[in-house]
Amino acid sequence: QVQLVESGGALVQPGGSLTLSCVASGSIFGALPMGWYRQAPGKQRELVATISSSGTTDYEDSVKGRFTISRRNPKNTVYLQMNSLKPEDTAVYYCNAYVSRPTGRQDFWGQGTQVTVSS
């Protein structure tokens, strides 16, 4: 199994910056596709950013140009650098990783870390 642990959530002012980290452990061989999702109270969980095993990144439109996802090899550690934070970025942020199987993919999730953007 794979365990994911996020950290770095905090209360920050609008326009501020914050970096989240996620460390994967367990039965892992090689780099996994990973990503960050977020969920605000009463809202659906949404994709924020993804990074492939080879380092290819993708971003949700609202965070493009402000957030940067990165990973550190050879360990399955992923970061989310968040700049120019807005109140609408307030949410619980979850780290995700998945493994591909012949029958489909299996997702693993961290416990979440709270990011609050407020003055």
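This note reviews strand pairing, the nonpolar core and the ring interactions of a predicted model.

1. Basis of the values. The model is predicted; local features need pLDDT of at least 70 and side-chain atom pairs count only at pLDDT 80 or more, while totals for chains, interfaces and linings use all residues. Residues are numbered from 1 along each chain as its sequence is written, and side-chain values use heavy atoms, with hydrogens and water left out.

2. The four-stranded sheet. An open sheet has the strand order β1-β3-β8-β7 with antiparallel pairing. Strands here are DSSP runs (E, at least two residues), numbered from the N terminus, and two strands pair if DSSP finds at least two bridges between them. Because β1 and β7 stand at the edges with a single partner strand each, one side of each is left without a neighbour in the sheet. Neighbouring strands of this sheet are turned by 15 degrees against each other on average, direction ignored; the axes are lines fitted to C-alpha atoms, and angles run from 0 to 180 degrees between N-to-C directions.

3. Bridges within the sheet. Six bridges join β1 and β3 in the antiparallel sense, and L4 stands opposite A24 in β3. β3 and β8 also pair antiparallel, over six bridges, with L18 opposite M82 in β8. Six bridges join β7 to β8, again antiparallel; I69 has L80 in β8 as its bridge partner.

4. I69. This residue lies in strand β7. I69 counts as buried because its relative accessibility is 4%, the classes being buried under 20% relative accessible area, exposed over 50% and partly exposed in between, with a 1.4 Å probe and protein chains only. Leaving aside neighbours within four places in sequence, I69 is in contact (heavy atoms within 4.5 Å) with residues including M34, W36, A49, Y59 and L80. G35 and I69 are 34 residues apart in sequence, yet their C-alpha atoms are 7.9 Å apart.

5. The largest nonpolar core. A nonpolar core is a set of buried Ala, Val, Leu, Ile, Met, Phe, Trp, Tyr and Cys residues joined through side-chain atoms within 4.5 Å. The largest has 29 residues, of which L4, M34, W36, L80, M82 and Y93 touch the most other members. Among the elements that give two or more residues to this core are β1, β3, β7 and β8, and β9 gives the most, with five residues. L80 touches, among others, L18, W36, V48, F67, I69 and Y93, not counting residues up to four places away in sequence.

6. T77. T77 is placed in strand β8 (residues 77-82). T77 is buried, with a relative accessible area of 5%. Not counting residues up to four places away in sequence, T77 touches C22, V23, S70, R71 and R72.

7. Aromatic pair. Rings of Phe, Tyr and Trp (its six-membered ring) pair if their centres lie within 6.5 Å; planes under 30 degrees apart count as stacked, over 60 as edge-to-face and the rest as tilted. By this rule there is one aromatic pair. The rings of Y37 and W109 have centres 4.9 Å apart and planes at 70 degrees, so the pair is edge-to-face. The pair links distant parts of the chain, with Y37 in β4 and W109 in β10, 72 residues apart. Y37 is buried at 16% relative accessible area, whereas W109 is partly exposed at 31%.

8. Charges over rings. A charge sits over a ring if NZ of Lys or CZ of Arg is within 6 Å of the ring centre and within 35 degrees of the ring normal. R45 lies over the face of W109, at 3.8 Å from the ring centre. The charged end of R105 sits over the ring of Y98, 3.8 Å from its centre.
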